[in-house]
Amino acid sequence: DDGPGSGPTGSIKIGLLASLSGTYQAVGKEIRAGFELYLATHDGKLGGRKVDLVVADEGNGAATAVPAATKLLKQDRVVALTGIVGGGSVAAVYPLLNETKVPFVGSNGRPELKDVSRIWHTSYLSDEPGEAIARHVRDNVRGSVYAIGPDYQGGWDELRGFTDAFAAAGGKLANPDGKTTFTPFPTTTNFTPYFARIKASGANAVYTFYAGSSAVDFVKQYAQSEIRDLPLYAAGFLTEGGVLDAQGEAARDIYSVLNYSPDLDNAENRAFVAAWKTRNDGSPTTYAMASYDAAAVLDRAIAAAGDDPTPESVNAAIGQLGQIASPRGTWQFSPTTHAPVQKWYLRQVRQDGRALSNTVVGDLATVGG
Amino acid sequence: MTPLLSARGVTVRYGSLAALDGVDLRVDHGQRHALIGPNGAGKTTLLDVLGGATRADGGRVHLAGRDVTRLGPAARARRGIGRIHQRPATWSSLTATENVVVAALPHAVRPGRWRPGAKRAAAERTAGVMLERLGLRDVGGVPAGRLAHGQRRQLEIAMALAGRPRLLLLDEPAAGLSAVEVGGLVEFLRNLPRAVAVLLVEHRLDLVYALCDRVTVLRDGRTVATGTPAEIRASGPVRQAWAEGVS
Amino acid sequence: MAADTRIDPYLVPALDGVAYGLLLFVAAAGLVLCFGVAGILNLAHGTLYAIGGYTAAALLDGGWPSLLLALAVGVVAATAAGALVAALLTRVAARNHLTQALLTFGVALAGGSLLVAAFGPDDPPVRVPAALDGSVSVAGHRYAAYRLVFIVVAAVLAGLLHLTVRRTRAGMLVRAAVDDAEMVAALGVSPAWIRVGVLAAAGALAGAAGVLGAPIIGPGPDTADSVLLLSLVVVVLGGLGSMTGTLLAALAVGQIQTLGVALAPAAAPFLLFAAMAAVLAVRARGLATARRAT
Amino acid sequence: MLRTERLCAGYAGGIVLHEVSLDVAAGTVQAVVGRNGAGKSTLVHAVAGLVRPYSGRVEVGGVQVAGRQPHRIARCGVGLVPQGRRVFSRLTVAEHLVLAAAPWRAATPGGEGWTVARILELLPRLAARLRHRGDQLSGGEQQMLAIARALLGQPRVLLLDEPCEGLAPDLAARVRDLVGALARTGLTVLLVEQQLPYAIEVADRIAVLEYGRVVYDRPADEARADPGRLAAMLSVAAVVEPPAPRPVPGLWAGSAHLTRPSSTGVSNDADRHP
Amino acid sequence: MRQEAVRALRRGVAVLVLAGLLLAPWAVDDYTAALLARTLALGLVGVSVALLTGVAGLPTLGQTAPYAAGAYASAVLGSRLSDVGVVHLGVAAAAGAALAAATVPLVVSARGVVVLMITLAVGELVVTLVGRWRSVTGGTDGLAGVPPVRPLWGLPVLATDRARYLYTLVVVAVLVAAVLLVLRTRVGLLLRAGRDDEARLRASGHRVSAQVAGVHVAAGAVAGAAGSLLVVAQQFISPADFGFDTSALLLLGVVIGGTASVGGALVGAAIVIAGRDWLFGVLPGYAPLVLGVAFVVTVHLLPGDGHRPPAVRGRLLPGLPARPPDPAAERPAPTGARA
Ligand SMILES: Nc1ncnc2c1ncn2[C@@H]1O[C@H](COP(=O)(O)OP(=O)(O)OP(=O)(O)O)[C@@H](O)[C@H]1O
Ligand SMILES: Nc1ncnc2c1ncn2[C@@H]1O[C@H](COP(=O)(O)OP(=O)(O)OP(=O)(O)O)[C@@H](O)[C@H]1O
Ligand SMILES: [Mg+2]
Ligand SMILES: [Mg+2]
């Protein structure tokens, strides 16, 4: 029952590293579920070969990610690695990838790297969401915008993407010194003092990026603060996935930018969402979608890698993929950054039946490359 | 001649309570000086002030003519004050021998050229002698925390002596010692070289009279009387002070 | 006028600092009893709080009866969990603070993952009674109503705790057992039962704090850790065992986290720990030079 | 009332008590003397349950209690004044007194119960220190507090481990008188005492411990009649004459008045007590 | 008699472990060798934690600070100076010692749980600083691609997991032996005495503060050297390597190892860290649960040490001051914590 065109079969080992415990476990579990969903809907095979998926726990970051990755790469000797929630973890695993020459198809975190010849991402670069929405904010907000975000690499990148593009589009930041306000991460759980500063700055809107429990705190406190009437724009993770349930009413009307929304109208997405809902509660997130796509990328690359797929041949095959049809719409790898060139959507939190959900209200820009 | 130790106007206040209230004390070189008084008179507090463990609110302490009022306990110990505490204070996880070695270390003279461990070896020799003299040789290897109460008290005396003091502050050394050990202690203190002065706090007057050549009576933080044992015994006011102190 | 605009932006942070500080006090109250007074280092304290928080998330539906129900269930559950910790802390395990740390840290790790397994990895939503779920106007600023309620709750709790620890026989027994458990036994009271009682009471406090504090420090995978750390800081800064000290420490931490951040946002990441280290070091120096009776 | 039978006990390091058998009748005082490290405190601890006996029996009022938890033994009516005081350093004197009162037990057999008022009358020094914490007391004050703590528990059996250590002479005498008086009201007392003359005076029976064994156990009358034997047993050389049992009125009576600070020369008069 | 038997047994176990460690790289795959190397580095930090916590009685949660200082100094400064391992070690130890020396004023008069909290604060501050000093440390994403070192002048660079492991093993063995030797002199005696009763030590004329400062700096140097080993073993460092959870696990590892025993600390810390890393690999998602249960069980299996608990300077819960300090000093000043 081998697929047509595939040679002698054996199983193939793929390593998946994601946070299954710790701060980011919500994301990690989506990533695992997305990948497993692809396998489940494709007979447990990638490129016609039975997949032996080896899962390891990334934990809270680099300190736990490195040993787990070492195990996948050096003990299990996987042909390709996927997953990884934190950008820091990717950076930490990077030397190992170079040493073992295994390709990595990441589905979330993406740090700045010198050499990406073996690194591929189905997610995005951290500065792209901001870049994609900047023009829209500039056009729709009368007055200045206050930029605020968490104080770590991800936050710096996300906010830099926005502020650079926003300034280039002629927008004006409300921050007193013209620079983004960064809040200690993950220590900040109380944003009230920052809201007081935003109020004092006279801003007309706020742009931000938070994820996980910080996002919940930020949104809930925002809704009870004295700046609750200012429009809130954000990178989509602010209201993505489980955090939206926890935020509840407080999240209503928030605008966000993301490369995906479960209500996108295309065939791949309808199939993906339907399959997702039979196996999981709620709607899929961009994390699950990116991981699903990572599986799709590997599927095609392994199929193209010939009779005896080796890490090298799989890596080479990924570079030749071209257009990829995905629940998010069609995209392709940028030849320089090895991250997607893709379309970004503007979403707003609105009532959808009984629950609130992120509803696509418009297309923004195609970014990447 | 400058006295070995002189304290003037020592005052220690705890809130409204004056544990010591302008106490004067003078101990000459080689003197055996006793400090007696009812419970809570301030004897231990005075030893604390002299040893540097407690900083006085007023008054000055001179050791061999030098003002040591502002020095801490370690510095005073290095200048020759040895101390045993009312509650035996030893290092419970160290063996008896090690206790004495540690106490001897700051004062151990290392012989000639530096060799690794020479100082410790010197301290160990001192310790051996001290334990032998106090009859603790058998328990030399027992951790101090496992010694019986009286043994610990004797151990502390050995520790104090290992520090080559010029002045020994003894806070109730005989409390908890059995009759034999008390006998040994008396013998021991009698044979102590005259280079060592002793300030002895004790409730057992028999010991005081047997050992000391001068007695100071303290009550409610004040000195009531100072004199030879004979004078003190003969004194009416002192008797009164004593009796009232307890009723 | 000019002065007004200079002070105005800091008004809400200052008020918030008070409410936040009081929340910290409520969260730390159980640990004050446990570690500050009874000398039992319970690193599972945050987990007990999280139990209360998850109970609130599961039971609260926006009405007052559900608040009472959640409070009752949360307190009972956390008390039971506290008693469980006490059962594990046998005489062997409780022999010193470091073994206590080892054991209770283990309980915290295991309990944390069990909670996540039961309630999922996401932060669950918490619905407070509608009357409190809004903001009120304070000196011309909007401020979350629920946080104001905390001022009352914390004041009552502080008073009660102080009375219990200082004035009741139980409180004295607990303090005595820290000094010398054997002598407490010689008075005819079992130190083991004191330990159970203290941990159960601390559990009850943590559970109540978890339910009531859920709208502010909500349940989630991180809650246990952050509550534990903040509580430890507050308890140690408060001088271990003094209720007034702890309350002041909690308020100070609250102000640092709000007013301090508003005044010096650039220093925010360092503010907290730098201040704590400095204060503790200065105070330790003070203690070292304080007199001691030998 | 209090009986030990072939009691063996010790610490992780080894056996300290070897088959110690003592029988203390109700309303009597049993003194235990012996050199330092002989095992006196270990005996007291073994009876109180603070040291778990290896074998043998401990009976309190006919009930075998060896191996029970210390708080259960305490509830059988055993009160303890431990060596080294062991007062609670963070509790005030007043709090000690509140804690020590045993609400579950009726008054001592025979006598009216101990109340805080009675205690403060007996030990007036404590009354002046009610608000002081345990670690702020002088050694003697702590000792008084330890005695008070034990008495307030309304014990039927009282274990006294060197109760007079650190007490000024006349207070020590009062405590000894008290021990005798207590026994007359029916209390059973196990008294560890280093100063042989005192032990002989107050006890009904005297036992000598040596290396953890009872080597002598006779009525005190016999010891009084022949103090030499006992002294020899303890190998007490007559270095120091036994002190007077109590300060006789007029102890320091005399005419010499002392100035302060007087500077009469150093006298080497090693004269003794009358 | 029994003690001698126990001692002989312990010596036998130590020899076996050492032999096992020496032969390990030929018996296991690269993954395990890499894991072992990393673990040994952390075990060395555990030794420095034990030095402070068990031997000197100053429980610490902040040894990750000199560890981080050593690691970054080795990776940034050392790499510029030379590619020789011992140079890196020297630089790292100096950096660790310097950082510890800088924090001596904070620690020297504190005891018990206050030390725990101060060191925790120091650790957190250092991690925060490292995370923000992007130009030097690479920020929160860490420093990747640290060039490999050669152990000594003239030797080849360490290119394989096995070579890196053996280098780590040799360095750890030498340093631990040095620590053990020093502890057998009077230094060890004084440290143990200080743990039991500091006031008595002062009354005997010892300068306790200098002693505390000395051991703090020495422990900093050991942790710094371990930092250099981490760089070699892992070729990557990030602030996450030095977080609070690392400190906590190290402390717990040291407790498991017997607090005051240096060898025990090495083994305990190594077991805990290796156990965690291994569990994350084999039981994804359940590692904390298993680890937690293991801790609970361990406590009950730890050998009891008789009647007296091992002392921590002034106990974790320090005694109250004899006289209540004046209210101004009592008032806690503002501070904060990580959430
Ligand atoms: N830290 C303290 N705080 C408050 N009061 C204290 C403190 N230390 C001692 N005192 C009080 O000071 C007085 C003197 O105490 P001190 O210990 O000097 O007495 P003492 O003469 O040694 O008595 P004893 O013979 O009973 O040992 C006592 O009443 C005691 O309660
Ligand atoms: N905790 C302990 N662990 C081990 N051995 C101990 C312990 N306590 C006491 N010992 C040993 O038990 C023996 C008897 O001690 P114990 O305290 O009963 O003597 P004692 O007769 O009360 O002496 P003292 O008159 O000095 O108080 C001593 O040799 C002592 O070293
Ligand atoms: Mg005294
Ligand atoms: Mg004894």
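## A strand in chain B

D171(B) has V201(B) as its bridge partner in β8(B). Helices (H or I, at least four residues) and strands (E, at least two) are DSSP runs, numbered from the N terminus. This is a predicted model: local features need pLDDT of at least 70, side-chain atom pairs count only at pLDDT 80 or more, and totals for chains, interfaces and linings use all residues. Residues are numbered from 1 along each chain as its sequence is written, chains are lettered from A and ligands numbered from 1 in the order written, and side-chain values use heavy atoms, without hydrogens and water.

## Neighbours of β8(B)

Strand β7 (residues 167-171) of chain B pairs with β8(B) in the parallel sense, over five bridges. Strands pair if DSSP finds at least two bridges between them. Strand β3 (residues 32-36) of chain B also runs parallel to β8(B), joined by four bridges. There, A34(B) has L200(B) as its partner.

Is β8(B) mostly covered or uncovered? Five of its five residues (197-201) are buried, meaning under 20% relative accessible area (1.4 Å probe, protein chains only). A197(B), L199(B) and V201(B) point one way; V198(B) and L200(B) point the other.

## The ligand site

Ligand 1 is surrounded by 24 residues, each with a heavy atom within 4 Å of it. They come from chains B, C, D and E, so the site is shared between chains.

A polar side-chain atom of S138(D) lies 2.6 Å from an oxygen atom of ligand 1. The protein buries 97% of the 630 Å² that ligand 1 exposes when taken alone, by the Shrake-Rupley method with a 1.4 Å probe.

Key: Polar contact = N/O pair within 3.5 Å; in protein donor to acceptor, adjacent residues only side chain to side chain. Buried < 20%, exposed > 50% of the residue type's maximum accessible area, 1.4 Å probe, protein only.
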